[in-house]
Amino acid sequence: MKQVVEKRSDIVFFIKMFPLAKIHPESYKKSKAIMCAKTNEESLSLLEAAFEKKPLPEPSCTTDVIEKNTALAGSLGISGTPTIIFGDGSRMTGALKADSLIDMATGKK
Amino acid sequence: MRRLRTSLALFVLVSSLMLSSTAFAATQLSKEAAHNALKPIIPDIEVLTVESTPLQGIYEITLRSAGKNAIVYMDASGKTAFFGAMIDIATKTNITQEKFNKINKIDFSSIPLEGSIVVGDPKAKYKAVVFDDPD
């Protein structure tokens, strides 16, 4: 995603933490720790640390944002990660290369 | 006499053609037949489309139930149905998932953007929302 926004400044990603608690029992705590960070940049570094399998701090706040995201995912029929919803309402499940992401985000699929 | 034979021959030809097309129609699945076959297991079903699939004899039915769109597969007999992922082996694509995504397009403006980690300029023209698991 970072590659994409470096190439195209007219694309933005909003990442919602959606832990699949049944498959990954630790990911709920990690999601909370990430969202408890005080700034967007901090959240992003924590997320990157998680992807690199580095340990995360304990969640330092109470928040219901994970529950909200999970409810939202359910109402949209989303059950797998990563799932991307593009501006035109189309969706994609699974990892994508930067160029494919650019095409899909700008509707050139 | 010749005229009678020609029209008789024509009559036989046309009716045999009609018979064979009826035979084909009998093994196809109509929307009403799909509706009636699936109602016992999906009482509030609304059949949207019935299309053939690469698998001979198996039809893809898109339907609406409990406010959601779904896909089920069934043959023309209406006795056995299944939910599952149909895969195109040559292209390694999940045909069912792709169809599902197509019939379930989301109203992007209804997705709340708060509570997200932002990568990029929040005011950028092209927006995308990513549901991701940190693990």
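This briefing covers the interface between chain B and chain A. The model is predicted. In it, 32 residues of chain B are in contact with 53 residues of chain A. About 4,100 Å² is buried between the two chains, and a strand of chain A pairs with strand S8 of chain B.

**Extent and make-up**

- Carbon and sulfur atoms give 62% of the area buried between chain B and chain A.

**Polar and charged links**

- One salt bridge is found across the interface of chain B and chain A.
- This salt bridge joins the side chains of Lys30(A) and Asp135(B), with an N to O distance of 2.9 Å.

**What chain B supplies**

- Three elements of chain B each supply at least two residues of its side that touches chain A: helix H3 (95-103), strand S7 (117-119) and strand S8 (126-132).
- S8(B) gives the most to that side, with seven residues.
- Sorted by class, the side of chain B that touches chain A has 17 nonpolar residues, nine charged residues and six polar residues.

**Strand pairing between the chains**

- Strand S2 of chain A, residues 83-86, pairs with S8(B).
- The sense of this pairing is antiparallel, and it runs over four bridges.
- Within S8(B), Val130(B) is the bridge partner of Ile84(A).

Notes. Residues numbered from 1 in each chain as written. Chains lettered and ligands numbered in written order. Predicted model: local features only at pLDDT ≥ 70, side-chain atom pairs only at ≥ 80, totals over all residues. Heavy atoms only, no water. Contact = heavy atoms within 4.5 Å. Buried area = accessible area lost by both parts, 1.4 Å probe. Salt bridge = Lys/Arg side-chain N within 4 Å of Asp/Glu carboxyl O. Nonpolar A, V, L, I, M, F, W, Y, C, P; charged D, E, K, R; others polar. Pairing = 2+ DSSP bridges.
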